[in-house]
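Me: I would like to go through some helix packing and ring contacts, term by term. Please set each value against its cut-off.

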Amino acid sequence: MPDQPSARRKSSAKAERRADMMEQILDTAEFLFSRNGLHGVTLKDVAKRVGVHHTLINYYFEDKKKLFDAVFARRAVITSERRMRLLDQYDKTTGGKPSVEGALRVFLDSDLDLYIEGGEGWRNYGALGALVANTPEWGADMMDRHFDPVVLRLIDLLKKALPNCAEEDIFWGYHFVSGALMLTLAQTGRIDKLSDGLCKSDDYAAVKERMATFMAAGFLGVCARRKAERDA
């Protein structure tokens, strides 16, 4: 009769090895995809960097697109659920009367904290997210699936904070917020060169200090101007 405790230990050890291997594959693929995109990476590239045969990656993920989807979804669920929870808390704390900067700060800062505190893996994911967001052929659908609910929750709070603002101006405002965030996460190094080293594209703490305040002023300025035009 088999030794049941021993069998359970072996099964647990096997599961742990599998989980460790999955994490290595996902981390490696994330790094490569964040730099070369979906079409610039092969399963053999990932396997070579991990140090395994490419058939093992085929076994776990079937094909490259499924691996890419798994890489993207792994952290997307973390940031989306975190933002949604904090936005809900903020709405409740303010009694349904949020401020523009307050809502933006929750949405932006909660995400930027992940890149500040999460190390290289989260920074690779940020660069990958920027790439996906700027690839309309297939990236837009991924962004829709993973992020639409939390973005629309932010829009809901902004509408509460700006009850007299035209709806299209709020959506345009979010568009500009998203563009600035994606450029930041891309870490292109352009601001480093333009500022002669005064600013660093990977200085997320500096971004966090400024972005919500800057964007809130934009919302308020546009909405006030458009209201004045309507009232004239």
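**Helix packing and aromatic pairs**

Reply: The axes of helix α5 (residues 100-117) and helix α7 (residues 139-161) come within 9 Å and cross at roughly 165°. This is a predicted model, where local features need pLDDT of at least 70, side-chain atom pairs count only at pLDDT 80 or more, and totals for chains, interfaces and linings use all residues. Residues are numbered from 1 along each chain as its sequence is written, and side-chain values use heavy atoms, with hydrogens and water left out.

Me: Why are α5 and α7 called roughly antiparallel?

Reply: Angles run from 0 to 180 degrees between N-to-C directions, on axes fitted to C-alpha atoms over the stretch in contact. Under 35 degrees counts as roughly parallel, over 145 as roughly antiparallel, 65 to 115 as roughly perpendicular and the rest as oblique. The α5/α7 angle is roughly 165°, and the two helices are therefore roughly antiparallel.

Me: Which residues make the contact of α5 with α7, and what classes do they have?

Reply: Contact means heavy atoms within 4.5 Å. On the α5 side it involves V100, A103, L104 and F107, and on the α7 side V150, V151, L154, L157, L158 and A161. By class there are 10 nonpolar, no polar and no charged residues; Ala, Val, Leu, Ile, Met, Phe, Trp, Tyr, Cys and Pro count as nonpolar, Asp, Glu, Lys and Arg as charged, and the others, Gly among them, as polar.

Me: What makes α4 roughly perpendicular to α6?

Reply: Helix α4 (residues 64-93) and helix α6 (residues 119-133) pack at about 110°, with axes 11 Å apart. That angle makes α4 roughly perpendicular to α6. Their contact includes F72 and R75 of α4 and W122 and Y125 of α6, and its residues divide into nine nonpolar, three polar and one charged.

Me: Why is the pair of Y115 and W122 called edge-to-face?

Reply: Rings of Phe, Tyr and Trp (its six-membered ring) pair if their centres lie within 6.5 Å; planes under 30 degrees apart count as stacked, over 60 as edge-to-face and the rest as tilted. By this rule there are 11 aromatic pairs. For Y115 and W122 the centres are 5.7 Å apart and the planes at 80°, hence edge-to-face.

Me: Why is the pair of Y115 and Y204 called tilted?

Reply: The ring centres of Y115 and Y204 are 5.8 Å apart and the planes lie at 45°, so the pair is tilted. Y115 lies in helix α5 and Y204 in helix α10 (residues 204-231), so the pair ties together parts 89 residues apart in sequence. Both Y115 and Y204 are buried, that is, under 20% relative accessible area, with exposed over 50% and partly exposed in between (1.4 Å probe, protein chains only).

Conventions. Helices (H or I, at least four residues) and strands (E, at least two) are DSSP runs, numbered from the N terminus.
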